[in-house]
Amino acid sequence: MKWTVLGFQSPFPGPGGATPGYLLEADGKRILIDCGSGVLAQLGKYCRPHELNEVWLSHLHHDHVADFFVLQYALQTAIRLKERPHGLQVLAPPKPVKISHLLSYQKAVDLKWIGQGMVHQIGSLEVGFHRTDHPVPCYAMEIRSGKACILYGADAGTDTRWETMAREPDLFVCEGTYLHRDAPAQPIGHHSVREAAKAATELGARRLLLTHLYPGYPAEILRREAADHYTGELILAEIGLQIPINPL
């Protein structure tokens with residue numbers, strides 16, 4: 001498997017940046033995971049939108065789906081030009097309904113709803129969905145191909161039950177929405193950098209990709225806070241970063 005960062009910032013993209021979106025490649029398949037603001041332009045560096053095999057949306061907050069509604073146009077245009085024979089399968093939560101009812105678009109999208117414990121397979125890839133602690137239904141993704149494992153944490157607060165998910169993933173993609181000094185007094189369904197590092201340690205993650213980062217935070221401060229609580233391989237997300245997954 002190969003994991004490519006197309007966007008990683010939140011709650012808005014910095015100059016030339018993009019909010020969360022990732023390209024997963026394995027067994028000749030291309031999967032777009034989340035599709036935030038600016039992601040579609042980054043995707044075009046690796047493949048044309050109609051060449052995707054599937055899209056998986058962890059949840060329906062704007063910073064994770066803003067460009068999906070532009071992707072719909074690209075897919076419908078590809079069908080009209082006979083570059084693609086049918087709609088693209090999209091896996092997404094059914095709620096909030098005010099957003100989910102907008103996911104379908106003419107013939108461009110073939111929707112499949114996700115939920116707790118659901119397992120989906122495409123080629124050699126298998127993905128299991130786990131509900132996280134977040135204000136709207138949001139699902140972490142446990143992705144496996146052979147012995148390789150990626151755990152994508154999506155958006156997740158401190159009550160997320162990581163212990164029910166993959167142990168010792170080859171790559172743990174976890175949000176660090178704010179520095180711990182800036183954490184709100186009441187939990188709001190997000191991890192600080194410190195909490196992400198602790199979750200990675202709890203899981204025994206071989207690598208931690210810290211993502212969902214506020215554009216104004218300097219990289220060295222993020223790295224320092226995480227390194228105090230995680231001793232594995234720490235990677236800060238950046239656009240264009242590609243991580244091959246080679247299981248031990």
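Two strands are taken to pair if DSSP finds at least two bridges between them. On that basis, in this predicted model, an open sheet is formed by 7 strands in the order 7-8-9-10-11-12-13, and the pairing within this sheet is mixed. Strand 7 (119-122) and strand 13 (233-236) stand at its edges, and each has a single partner strand, so one side of each is left without a neighbour in the sheet. From one strand to the next the twist averages 20 degrees.

Helix 5 (residues 193-203) lies across strand 10 (148-152), strand 11 (171-175) and strand 12 (207-211), and its direction makes an angle of about 155 degrees with strand 11. Helix 6 (residues 219-227), in turn, lies across strand 12 and strand 13 and runs at about 150 degrees to strand 13.

With regard to annotation, an unreviewed UniProt entry places the feature "domain: Metallo-beta-lactamase" at residues 18-212.

The interior was examined next. In soluble globular proteins, nonpolar side chains tend to be buried together. The largest nonpolar core of the model holds 57 residues, of which Trp3, Leu24, Ile33, Trp56, Ile143, Trp162 and Phe172 touch the most other members. Helix 5 gives the most to this core, contributing 6 residues. Apart from this core lies another, of 24 residues, which includes Ala18, Leu57, Val90 and Ala92. Trp162, when neighbours within four places in sequence are left aside, is in contact with Ala140, Leu151, Gly153, Ala156, Phe172, Cys174, His191, Ala199, Glu202 and Leu203.

Ile150, which lies in strand 10, counts as buried because its relative accessibility is 0%, the cut-off for this class being under 20%. Residues up to four places away in sequence not being counted, Ile150 touches Met1, Trp3, Leu24, Met141, Glu142, Ile143, Leu171, Val173 and Ile245. One of these contacts, Ile245, is 95 residues from Ile150 along the chain, yet the C-alpha atoms of the two are separated by 8.0 Å.

His50 lies in the loop between helix 1 (39-43) and strand 4, and it is buried, with a relative accessible area of 12%. Beyond residues up to four places away in sequence, His50 touches Leu75, Ala78, Glu83 and Arg84.

A search of the whole structure for aromatic pairs finds 8 of them. One of these, between Phe12 and Tyr214, is edge-to-face, with 6.0 Å from centre to centre and 85 degrees between the planes. This pair links distant parts of the chain, 202 residues apart, since Phe12 belongs to the loop between strand 1 (2-7) and strand 2 (21-26), whereas Tyr214 belongs to the loop between strand 12 and helix 6. Both residues count as partly exposed, Phe12 at 40% relative accessibility and Tyr214 at 35%. In the pair of Phe68 and Phe69, the ring centres are 5.8 Å apart and the planes stand at 85 degrees, so this pair is likewise edge-to-face. Here Phe68 is buried, with a relative accessible area of 0%, whereas Phe69 is partly exposed, with 23%. Ring pairs also link Trp3, Tyr22 and Tyr152 into a cluster, and Trp3 is among the residues that touch the most other members of the largest nonpolar core.

Technical notes: Residues are numbered from 1 along each chain as its sequence is written. This is a predicted model: local features need pLDDT of at least 70, side-chain atom pairs count only at pLDDT 80 or more; totals for chains, interfaces and linings use all residues. Side-chain values use heavy atoms; hydrogens and water are left out. UniProt positions are given in the numbering used here, feature names are shortened, and annotations may be inferred rather than shown by experiment. Helices (H or I, at least four residues) and strands (E, at least two) are DSSP runs, numbered from the N terminus. Axes are lines fitted to C-alpha atoms, for helices over the stretch in contact, and angles run from 0 to 180 degrees between N-to-C directions. Contact means heavy atoms within 4.5 Å. Buried means under 20% relative accessible area, exposed over 50%, partly exposed in between (1.4 Å probe, protein chains only). Rings of Phe, Tyr and Trp (its six-membered ring) pair if their centres lie within 6.5 Å; planes under 30 degrees apart count as stacked, over 60 as edge-to-face and the rest as tilted. A nonpolar core is a set of buried Ala, Val, Leu, Ile, Met, Phe, Trp, Tyr and Cys residues joined through side-chain atoms within 4.5 Å.
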